[in-house]
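Good morning, colleagues. Please take a moment to look over the sequence and the model, and then I shall begin with a single helix.

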Amino acid sequence: VGLGSLWVPRGALTAPSPQDWEQRQEEDTLLIERILLLVRNVLHVPPDPTEEQGVDGDASVHDRVLWALHISGMDDLLKFLASAQVEQQWALHVLEIISLMFRDQSPEELAALGQGQAAAEHGEDTQELETLRQRELAEKRARALQRPSRHSRFGGSYVLQGLKAIGDRDVVFHKGLHNLKSYSHDLGKETRRVPRRRQAA
């Protein structure tokens, strides 16, 4: 089976059954161990961006090796070796290979990949809505600052205790408090005009 530029015998990648484990020869055990060490050593090679000279968004050499391992079925064999009770002797090799597979990945990226395209679109929609909300709040603030500072003419109503109005009730004053000093009961009444001939000399 081809692993990119690697070639591994087809029989080495088939998951052995428990009966095969009991009948396994010493050379079969050595072959499995050599294959696991080969995969580990290939994945252990550090990345060299200057040598790769890939464009943005292009798969790195490490990613292409992982894809070749997936196409060849090596990932299924590793899953079998990790979960089979009778293959516990390979557990550390498999653990090291899996850790090297995820060497360049961050947990956030791996979690985001599991959510798929819908989650990415949902994230874009959420970000767009948040941008629109922030813009609307900024427009509201700008409108509030542009409002005239002129207040309404209604200055409130006050009860003047001690001054009696009609019917033994307290006077209700509807002007601003600064006009209170000039208050009289005649405030707001029309002055009666006296004809000129009746005016006092």
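Predicted model: local features only at pLDDT ≥ 70, side-chain atom pairs only at ≥ 80, totals over all residues.

In helix H6, the residues His93, Val94, Ile97, Leu100 and Met101 are buried, where buried means under 20% relative accessible area, exposed over 50% and partly exposed in between, with a 1.4 Å probe and protein chains only. These residues cover an arc of only 125 degrees around the axis, and therefore lie on the same side of H6; the arc is that of the directions from the helix axis to the C-beta atoms. An α-helix has 3.6 residues a turn, so residues three or four places apart point the same way. On the face of H6 turned away from its buried side, one finds the exposed residues Leu92 and Leu95.

Residues are numbered from 1 along each chain as its sequence is written, and side-chain values use heavy atoms, with hydrogens and water left out. Helices (H or I, at least four residues) and strands (E, at least two) are DSSP runs, numbered from the N terminus.

What covers the buried residues of H6? The cover includes H2, helix H4 (61-72) and helix H5 (74-83).

Let us consider H2. Helix H2, residues 26-44, and helix H6, residues 91-101, pack at an angle of about 25 degrees, with their axes 9 Å apart. Axes are lines fitted to C-alpha atoms, for helices over the stretch in contact, and angles run from 0 to 180 degrees between N-to-C directions. H2 and H6 are therefore roughly parallel to each other, a term for angles under 35 degrees.

From H2, Glu33, Leu36, Leu37, Val39, Arg40, Leu43 and His44 meet His93, Glu96, Ile97, Leu100 and Met101 of H6; contact means heavy atoms within 4.5 Å.

Leu100 is buried, with a relative accessible area of 10%. Leaving aside neighbours within four places in sequence, Leu100 is in contact with Arg40, Leu43, His44 and His62. The C-alpha atoms of Leu100 and His44 are separated by 6.4 Å, although the two residues are 56 residues apart along the chain.

Finally, the whole chain. The protein chain has 7 helices and 4 strands, in the pattern β-β-α-α-α-α-α-α-α-β-β along the sequence. Of its 201 residues, 17% are buried.

Note on methods: Parallel < 35°, antiparallel > 145°, perpendicular 65-115°, else oblique.
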